[in-house]
Amino acid sequence: MAMIFCNTLLYSSSPFLSPLPSIRSKPSRFSKRVLTVQAQFQSMDQNDLLLRQKFMEFPYVSPTRRELMVDLMSTLEDRLHSQLLPCTLPTDVRNFKNPNGSAEASLHIRSGEKSSPVKEQNLNVLCMLVLKFQLHDSDRTRVQFCNELKHIDFVIGSWIHVKIPTGVSLNITSISAFLNSSTEAPNFVVELIQSSPTSLVLILDLPHRKDLVRHPDYLQTYYQDTALDTRRQSLLKLPEIKPYVSPSLFVRSAFSPTASMLKIDADEGERLEEILREHVSPAAKQVLEVWLERCAKEEEGEERVVGEEEKLELERRDKSFRKKSIEEDLDLQFPRMFGDEVSSRVIHAIKEAFGVL
């Protein structure tokens, strides 16, 4: 989803596009947090570690924003460690530039470990038996095996830095986590888009994967019971924060009613940093925690069996959403930023991860 919002930011005449000095950071002062997660990757060769470290630097953004992105990505990888495979992207996809060096990006994708079809079928049968016959507490331990189903499809993180000919620098940092059809739960996305020292756009949401009108229980479970909308309402109490309306109807339809799609306009850079540190960062961490606890895993007694027909519908919807995202997003913007050769290589790798080749 990262680049969809660039259509407006790159070619708009809005005051939002004031020049942003390029921020080339020193080595991350959050290296201790990064090293904690890197302990999981001892089997990686040196080149893999360097590429991951390059991604985790988020080198062109402010320290506050960098700390937030490192913390969110590290938390995801820490908590989902047993379900995630190492990143297998080619070197020239994990970090890439355009021919003249005016655009640079880093991409980090980790696929989820797949459940075997036999195990998944057996676990679904077990769950249905437990729910149907309401087994006693002494038998409830068996249903814990239901949680062995691997819900994570993949986790993707990226940063993009582009120097626009008008003198503007565009910096996008994004983290998303996608679930597979073994669960109907929402995905997770956080994205910050900045082209001015004093303003940025925030996207923070758990995008729904089922129709909310046809499935009011889905709305109740993942959005009302979790009080997700309170984070958006709290942020909107600040005078510097206003709703952001994407010009893309597809984007607007893809996000939930509780999505924090917000534009932050501060009088000075220090105030923007304060808002990020004191308000945006806590909200993002809380939303991620909700997703990890209520979506990426199921709490005891809340196992939800997804039938075969429902799985097929989830797979069709997920595939359609991912394909449309690439068509309206990367296919349009990447060639302008990185040229045809680089874009073709990177988009192919993303399509492969998205399962839409």
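**Cysteines.** I started with cysteine 295, which counts as buried at 1% relative accessibility. Cysteine 87 is buried too, with a relative accessible area of 7%. Both fall in that class because the cut-off for buried is under 20% relative accessible area. Then I looked for disulfides and the count came to 0. A reminder to myself that this is a predicted model.

**Sheet.** Next I traced the strands. There are 8 of them in an open sheet, and I read the order as β1-β2-β3-β4-β5-β6-β8-β7, with antiparallel pairing. Which strands stand at the edges? They are β1 (95-97) and β7 (241-243); each has a single partner strand, so one side of each is left without a neighbour in the sheet. From one strand to the next, the twist averages 15°.

I zoomed in on one pair. Strand β4 (residues 169-179) runs antiparallel to strand β5 (residues 188-196), and I noted 7 bridges between them. Looking across that pair, I found serine 176 opposite valine 189 in β5.

**Helices on the sheet.** Helix α12 (residues 308-328) packs on the sheet and touches β3 and β4; its direction makes about 170° with that of β4. I also checked helix α3 (residues 46-57), which lies across β1, β2 (103-111) and β3 (152-163). The angle I have down for α3 against β2 is about 115°.

**Cores.** How many residues are in the largest nonpolar core? I have 51, and the members touching the most others are Leu76, Leu80, Phe188, Leu202, Leu206 and Trp291. Helix α11 (residues 269-294) supplies the largest share of this core, 11 residues. There is also a second, separate core of 42 residues, with Leu170, Ala349, Ile350 and Val356 among them.

Leaving out neighbours within four places in sequence, its contacts include Ile175, Ser176 and Ala177.

**Arginine 271.** Last stop, back in helix α11, where arginine 271 is found. What does its side chain make a polar contact with? The partner is the side chain of glutamate 240, at 2.8 Å. Not counting residues up to four places away in sequence, arginine 271 touches Leu238, Glu240 and Ala266.

Key: Residues are numbered from 1 along each chain as its sequence is written. This is a predicted model: local features need pLDDT of at least 70, side-chain atom pairs count only at pLDDT 80 or more; totals for chains, interfaces and linings use all residues. Side-chain values use heavy atoms; hydrogens and water are left out. Two strands pair if DSSP finds at least two bridges between them. Helices (H or I, at least four residues) and strands (E, at least two) are DSSP runs, numbered from the N terminus. Axes are lines fitted to C-alpha atoms, for helices over the stretch in contact, and angles run from 0 to 180 degrees between N-to-C directions. Contact means heavy atoms within 4.5 Å. A nonpolar core is a set of buried Ala, Val, Leu, Ile, Met, Phe, Trp, Tyr and Cys residues joined through side-chain atoms within 4.5 Å. Buried means under 20% relative accessible area, exposed over 50%, partly exposed in between (1.4 Å probe, protein chains only). A polar contact is a pair of N or O atoms within 3.5 Å; within protein, one must be able to donate a hydrogen and the other to accept it, and residues adjacent in sequence count only if both atoms are side-chain atoms. A disulfide is a pair of cysteine sulfur atoms within 2.5 Å.
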